[in-house]
Amino acid sequence: MIHVPTAPWAHTAFDLAAWSSGAAVGYAVYRWRLSSELRRVAGLTGPGYFIALAVGAALGAWAAGSLNTLRQGTPALSHSIVGALVGAIVAVELYKALRGVKGSTGGVFVGSFATGAMIGRWGCFFAGLPDRTYGIPTTLPWGVDLGDGVSRHPVQIYESLAMAVFLAIYLVGLAYRAPWAMRRGFYVLCIWYGAQRFAWEFLKPYPTLAGPFNVFHLLCAGLVVYGVGYYLRDVADEHAAAAGPQGRALPVPRPDHQPL
């Protein structure tokens, strides 16, 4: 068992690091590969898009987090990153439907979100038991003691490492201008984040909501379904556009697959 020093202020410190690092990575990726994508999104959506995103994320974060913690032994208000992601998606998709906007518009946020989740989870980890994100007891050699003498799964580190792997693969995809990264990166993010978080939720002592599943299981399952469905729809739309109005294949510019 590994003894971990914890402090409530660690959450704030790592949150600030997550926000600043996420912004830095997002800006670097924008300048490197996605400047045209951001211009496309801004031209299609207008400023209301970003307002809808912010409001949806805030409402989703507090609604999902509080739905979980208010059902625990010591009820309290809380917020959740997966709730923020789901809330932002719902608000943005509604906004896009009203404006008649089609296609993915979230690609410019992929690097920022992955970086923020990767770093921010360490704040949850070092904040200790009061953060309420700790894992269930384990006998594995890497179990951690967060102050109560119980060896627990370091679920926050599991998630951080999973997002680090995603970020590395995503950056390689951008380097080769792979269509899944350049055009459908946000959908892949939803699939990856939802799937890995769904798995870790079995290692947390949260109250269940439906059978063995807690509220975050359901939200993560929804993210995977959303990501897969919209990914496949975007591929179909791309193929239809390439075929042209008479179904004849039209020349499609091939991306440069050489990394820079």
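## A tyrosine pair in H1

Tyrosine 30 is partly exposed, with a relative accessible area of 27%, and tyrosine 27 is partly exposed too, at 48%; the term covers values between buried (under 20%) and exposed (over 50%), using a 1.4 Å probe and protein chains only. This is a predicted model, where local features need pLDDT of at least 70, side-chain atom pairs count only at pLDDT 80 or more, and totals for chains, interfaces and linings use all residues. Residues are numbered from 1 along each chain as its sequence is written, and side-chain values use heavy atoms, leaving out hydrogens and water.

Tyrosine 27 and tyrosine 30 sit 3 residues apart in helix H1 (residues 9-45), so about one helical turn separates them. Helices here are DSSP runs (H or I, at least four residues), numbered from the N terminus.

## Aromatic pairs elsewhere

Let's turn to H7 and H8. The ring centres of tyrosine 187 and tyrosine 226 are 5.9 Å apart with planes at 80°, so this pair is edge-to-face. Rings of Phe, Tyr and Trp (its six-membered ring) pair if their centres lie within 6.5 Å, and planes under 30 degrees apart count as stacked, over 60 as edge-to-face and the rest as tilted. Tyrosine 187 belongs to helix H7 (residues 185-200) and tyrosine 226 to helix H8 (residues 215-243), so the pair ties together parts 39 residues apart in sequence. Both tyrosine 187 and tyrosine 226 are buried.

The whole structure holds 19 aromatic pairs. One aromatic cluster is formed by Phe14, Trp122, Phe125 and Phe126.

Note on methods:
Helix = DSSP H or I, 4+ residues; strand = E, 2+ residues; numbered from the N terminus.
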